[in-house]
Amino acid sequence: MDYMNLISIKLVFYAAILLVLLGYWVFNFTILYHLARFGIGTQPKKIAAIFFLGLICLFFASTVLFAGLDLNSLKDQLSGLLKLFFNTTYSL
């Protein structure tokens, strides 16, 4: 069996991207953990929370840009879910 036929450039690229994302999450976790665990007072915990929100925003933006998602269809699906869960008009 020829293993080189199973490994493509696309697979190697995706594996590299996943390793970079894993490293990104581990790096951010260590920063958050050390700020929240060893910080004195509430200021380091506030900084850790702000850092975490930035982490989530950057991760979402990079995922959308990498995957090339259509945000208009995502918006339509989310508005449908919001109407489904938060519909305040009830008919009995």
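**A close look at the aromatic pairs**

Tutor: Start with tyrosine 33, which is partly exposed because its relative accessibility is 39%, a value between the 20% and 50% cut-offs. Keep in mind that this is a predicted model. Phenylalanine 29 sits four residues from tyrosine 33, about one turn of the helix, and both belong to helix α1. Phenylalanine 29 has a relative accessible area of 55%, so it counts as exposed. The cut-off for that word is over 50%.

Now the rings. How many aromatic pairs does the structure hold? There are three. Take tryptophan 25 with phenylalanine 59: their ring centres are 5.0 Å apart and their planes meet at 75°, so this pair is edge-to-face. The cut-off for edge-to-face is over 60 degrees. This pair links distant parts of the chain. Tryptophan 25 is in helix α1, phenylalanine 59 is in helix α2, and 34 residues separate them.

Are these two residues buried, exposed or partly exposed? Tryptophan 25 has a relative accessible area of 30%, so it is partly exposed. Phenylalanine 59 has 26%, so it is partly exposed as well. Buried would need a value under 20%.

Back to phenylalanine 29 and tyrosine 33. They also form an aromatic pair, and this one is stacked. Their centres are 6.1 Å apart, with 25° between the planes. Stacked needs planes under 30 degrees apart.

The protein chain has three helices and zero strands. From the N terminus, the order is α-α-α. Helix α1 spans residues 9-38, and confidence is highest there, at a mean of 81. Confidence is lowest in helix α3, residues 71-85, at a mean of 72. For the whole protein chain the mean pLDDT is 75, and 80% of the residues reach 70 or more. Where pLDDT is low, the predicted coordinates should not be read in detail.

Helix α2 has 25 residues. From first C-alpha to last, α2 reaches 36 Å, close to the 36 Å expected at 1.5 Å a residue. Within α2, Pro44, Ala48, Leu55 and Val64 are buried. Alanine 49 and leucine 35 are 14 residues apart in sequence, and their C-alpha atoms are 9.5 Å apart in space. Just after α2 comes glycine 68, with a positive phi of about 65°.

Finally, the surface. Buried residues make up 7% of the 92 residues in the protein chain. The chain's accessible surface is about 8,200 Å², and 75% of that belongs to carbon and sulfur atoms. One nonpolar patch is formed by Ile7, Leu11 and Val12, which together have about 260 Å² of accessible area. Leucine 11 is in helix α1. Its relative accessible area is 45%, so leucine 11 is partly exposed.

Methods. Residues are numbered from 1 along each chain as its sequence is written. This is a predicted model: local features need pLDDT of at least 70, side-chain atom pairs count only at pLDDT 80 or more; totals for chains, interfaces and linings use all residues. Side-chain values use heavy atoms; hydrogens and water are left out. Helices (H or I, at least four residues) and strands (E, at least two) are DSSP runs, numbered from the N terminus. Buried means under 20% relative accessible area, exposed over 50%, partly exposed in between (1.4 Å probe, protein chains only). Accessible areas come from the Shrake-Rupley method with a 1.4 Å probe; for residues, only the protein chains shown count as cover. pLDDT is the predictor's confidence in each residue, from 0 to 100. Patches are made of residues with over 30% relative accessible area and no salt bridge: like charges are joined within 9 Å, nonpolar side chains (Val, Leu, Ile, Met, Phe, Trp, Tyr) within 5 Å. A salt bridge is a side-chain nitrogen of Lys or Arg within 4 Å of a carboxyl oxygen of Asp or Glu. Rings of Phe, Tyr and Trp (its six-membered ring) pair if their centres lie within 6.5 Å; planes under 30 degrees apart count as stacked, over 60 as edge-to-face and the rest as tilted. The expected span of a helix is 1.5 Å times one less than its number of residues.
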